[in-house]
Amino acid sequence: MFFRIKKVAVSVLAIIISLVFLLMPGLQASAEEHTHILSQNKFSRETFEESYRYYGDLNADGVVSVLDVVIMQRKIAGLIQFKYETWREDFCVSDLNNDAQVNMEDVVLCQRRIALLIKRFPVGVLFHKLR
């Protein structure tokens with residue numbers, strides 16, 4: 001009986017923590033990084049949004065969140081595949097330590113970024129789209 005209550009309590013706590021991370025403000029590049037990219041390349045805001053993607057943002061919603069971690073874990077486990085049209089870009093955005101493979105090290109880096117334990121990934125924050 002006690003084991004069952006403990007198991008339910010842990011599950012509820014995990015759900016609450018996941019919801020807190022989902023509701024946190026987006027972990028995007030800082031304003032200085034946006035300004036730096038815009039000034040270097042002379043992009044307009046619209047061109048910037050169309051030309052860049054955030055590392056770790058697997059669902060391309062502009063925010064690195066727990067949902068991206070879940071997607072990465074499911075891809076590593078083979079439960080879902082990268083889309084055929086964007087597999088190269090999705091793979092690059094997922095490879096957070098630039099070791100040419102997507103594995104649990106990348107998941108841990110993404111989790112550490114969400115928990116604000118690190119400011120940026122080893123590969124940086126912004127990825128220039130390949131298209």
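These entries record what I looked up in a predicted model.

**Entry 1: helix packing**

I began with helix H4, residues 66-77, and helix H6, residues 104-114. I noted the angle and the distance of the axes because two packed helices are described by these two values. The angle at which H4 and H6 pack is about 175°, and their axes lie 10 Å apart. H4 is therefore roughly antiparallel to H6, since angles over 145 degrees are counted that way.

I then listed the residues in contact. On the H4 side I found Val66, Val69, Met72, Gln73 and Ile76. These meet Met104, Asp106, Val107, Cys110, Gln111 and Ile114 of H6. Sorted by class, the contact of H4 with H6 comprises 8 nonpolar, 2 polar and 1 charged residues.

**Entry 2: aromatic pairs**

The partners are Tyr55 and Phe127, with ring centres 5.5 Å apart and planes at 65°.

I next placed both rings in the fold. Tyr55 belongs to the loop between strand S1 (52-54) and H4, whereas Phe127 belongs to strand S2, residues 126-128. The pair therefore ties together parts that are 72 residues apart in sequence.

**Entry 3: the largest pocket**

I looked up the volume of the largest pocket and noted about 160 Å³. Its lining is made up of 13 residues. Those nearest the pocket centre are Leu58, Asn59, Lys83, Thr86 and Asp90. I also sorted the lining by class: 5 residues are nonpolar, 3 are polar and 5 are charged.

Ala60 has a positive phi of about 55°. This residue sits in the loop between S1 and H4, the loop that also holds Tyr55. Ala100 likewise has a positive phi, of about 65°, and is not a glycine. I located Ala100 in the loop between helix H5 (87-94) and H6.

How values were computed
Residues are numbered from 1 along each chain as its sequence is written. This is a predicted model: local features need pLDDT of at least 70, side-chain atom pairs count only at pLDDT 80 or more; totals for chains, interfaces and linings use all residues. Side-chain values use heavy atoms; hydrogens and water are left out. Axes are lines fitted to C-alpha atoms, for helices over the stretch in contact, and angles run from 0 to 180 degrees between N-to-C directions. Helices (H or I, at least four residues) and strands (E, at least two) are DSSP runs, numbered from the N terminus. Angles under 35 degrees count as roughly parallel, over 145 as roughly antiparallel, 65 to 115 as roughly perpendicular and the rest as oblique. Contact means heavy atoms within 4.5 Å. Ala, Val, Leu, Ile, Met, Phe, Trp, Tyr, Cys and Pro count as nonpolar, Asp, Glu, Lys and Arg as charged, and the others, Gly among them, as polar. On a 1 Å grid over the protein atoms alone, a cavity is a set of points where a 1.4 Å probe fits but cannot get out, and a pocket is an open set with protein on both sides within 12 Å along at least five of seven lines; lining residues have an atom within 4 Å of a point. Grid points are joined across faces, edges and corners, and a volume is the space filled by probe spheres set on the points. Rings of Phe, Tyr and Trp (its six-membered ring) pair if their centres lie within 6.5 Å; planes under 30 degrees apart count as stacked, over 60 as edge-to-face and the rest as tilted.
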